[in-house]
Amino acid sequence: MPMTRAEAVIDLEALRRNLATVSSAVTGVPVMAVVKADAYGHGMTRIAQEARGAGVSWLGVALLSEARALRAAGDTGLILAWLWAPGDPDLDACVGSDVDISVSALWALSDVAASARRLGVRARVHLKVDTGLSRNGASLDEWADLVGAALAEQGSGAIDVVSVWSHLANADRPDDQSVADQRTAYEAAVAVAAEAGLPPVVRHLANTPAALGYPETRYDLVRIGIGIYGVPPATPGSASALGLTSVMTLRGRLALVKVIPAGQSVSYGSNWTAPRRTRVGLVPLGYADGVPRSASGRAQVLVNGARCPILGRVAMDQFVIDLGELVGDVRAGSDVVLFGDEATGAPTADDWAVASDTIGYEIVTRVGARVPRRYVGAR
Ligand SMILES: Cc1ncc(COP(=O)(O)O)c(C=O)c1O
């Protein structure tokens, strides 16, 4: 099908390669492929399917609705969902379809247990402890109570405690003392659970930067998101150094090519003015498609093998680029690569992150719903 305006090309072969690279780097520890937020913008059900095909035994999502959507798409494997609020309408569907559910507080434990009793099943629970991120997870002084209540529910037949887990704050920084501190707190929480009588559980703590940079955080399972999508977790260049490659390439086609006279300004706010006659191209993608407005005047795109800077502001649906001298023969319809496909010299998601004061995670995840995803490299 011809590309009309723009597309995100999702390279499934790159995904499989990244999965294999990460799996061999973590030397035998099982990988949970994190596919929340529409698989970081790559398309949740398709990425999940591909990951399962590559032998991934666990999938991780944030929301119960995401887990439910995976079940509705036919996934029957292990899925963990970790973020929900009281009254979540997808709880029964998840408990009833064997989705593993994270519990960080007594209210959540009692909601899950009540759902299991209603449905006549045993719910699979991962007890989450806050080891210093201060986000989700029971605080250390509530931990023993939560463990005690979970053991009672396990004894009553409503739940099975599958894991004790936590999440790190700073694994994307090298040699960070807080990683060691969180690990110490985590191991103490696991010990509290064992002493209270909980049988051995699956221990999981590491995300991509932890799994790759802090081997001692791998335990029994690693939760890998950004790494399988080939975007560096922190330091620019670290993904390619590890042999990971971009899965997503965001491309468009020029909607217009024209020359503007010296002295004419470009886009809202008129904050870039042509110093000379300038050949410009109109890229039909804007912040409604996830192109960060904060990249205005800062990011670059690739046209005919040459880097072209953005001129002026990114608007809702479009932005303007400088086609300069190097670009050669271009016309309406010519290809523009915003990021990905690094072998061609295109900018990376990370380059866009640097240009817009964010992280590569946000660049790929925010690519909007009106950009069609096209999958290549299927087996
Ligand atoms: C709890 C949890 N685990 C794992 C991940 C995956 O992290 P990463 O994409 O750095 O691998 C995330 C993502 O934010 C997360 O929230």
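This section describes the domain arrangement, nonpolar core, ligand surroundings and selected backbone features of a predicted model. Local features were considered at pLDDT of at least 70 and side-chain atom pairs only at pLDDT 80 or more, whereas totals for chains, interfaces and linings use all residues. Residues are numbered from 1 along each chain as its sequence is written.

The protein chain is divided into domain 1 (12-233) and domain 2 (248-376), with bounds from an automatic or database domain assignment. Their C-alpha centres lie 37 Å apart. Eleven residues of domain 1 are in contact with twelve residues of domain 2, contact being defined as C-beta atoms, placed from the backbone, within 7 Å. On the domain 1 side, helix H2 (residues 36-41) gives the most, with three residues; helices (H or I, at least four residues) and strands (E, at least two) are DSSP runs numbered from the N terminus. By class, this side has seven nonpolar, three polar and one charged residues. Here Ala, Val, Leu, Ile, Met, Phe, Trp, Tyr, Cys and Pro count as nonpolar, Asp, Glu, Lys and Arg as charged, and the others, Gly among them, as polar.

Within the largest nonpolar core, of 115 residues, Met32, Ala33, Leu59, Ala81 and Val112 touch the most other members. Both domain 1 and domain 2 give residues to this core, so it lies between them. Such a core is a set of buried Ala, Val, Leu, Ile, Met, Phe, Trp, Tyr and Cys residues joined through C-beta atoms within 7 Å. A residue is buried if 20 or more other C-beta atoms lie within 10 Å of its own, exposed if 12 or fewer, and partly exposed in between, with C-beta atoms placed from the backbone.

Val112 is among the buried residues of helix H6, which pack against helices H5 (91-96) and H7 (140-156) and strands S5 (100-103), S6 (123-128) and S7 (159-165). Beyond its neighbours within four places in sequence, Val112 is in contact with Val95, Ile101, Val103, Ala123, Val125 and Ile159. Just after H6, Gly120 takes a positive phi of about 70°.

The residues around the ligand include Trp82, His167, Asn207 and Arg223. Helix H9 (208-213) and strand S9 (221-224) each supply at least two residues of this shell, which divides into six nonpolar, five polar and one charged.

Positive phi values also occur in residues other than glycine, at Ala37, near 50°, and at Ser270, near 45°. Ala37 is found in helix H2, whereas Ser270 is in the loop between strand S11 (256-260) and strand S12 (278-283).

Note on methods. A residue is near a molecule or strand if its C-beta atom, placed from the backbone, lies within 6 Å of it. Two residues are in contact if their C-beta atoms, placed from the backbone, lie within 7 Å.
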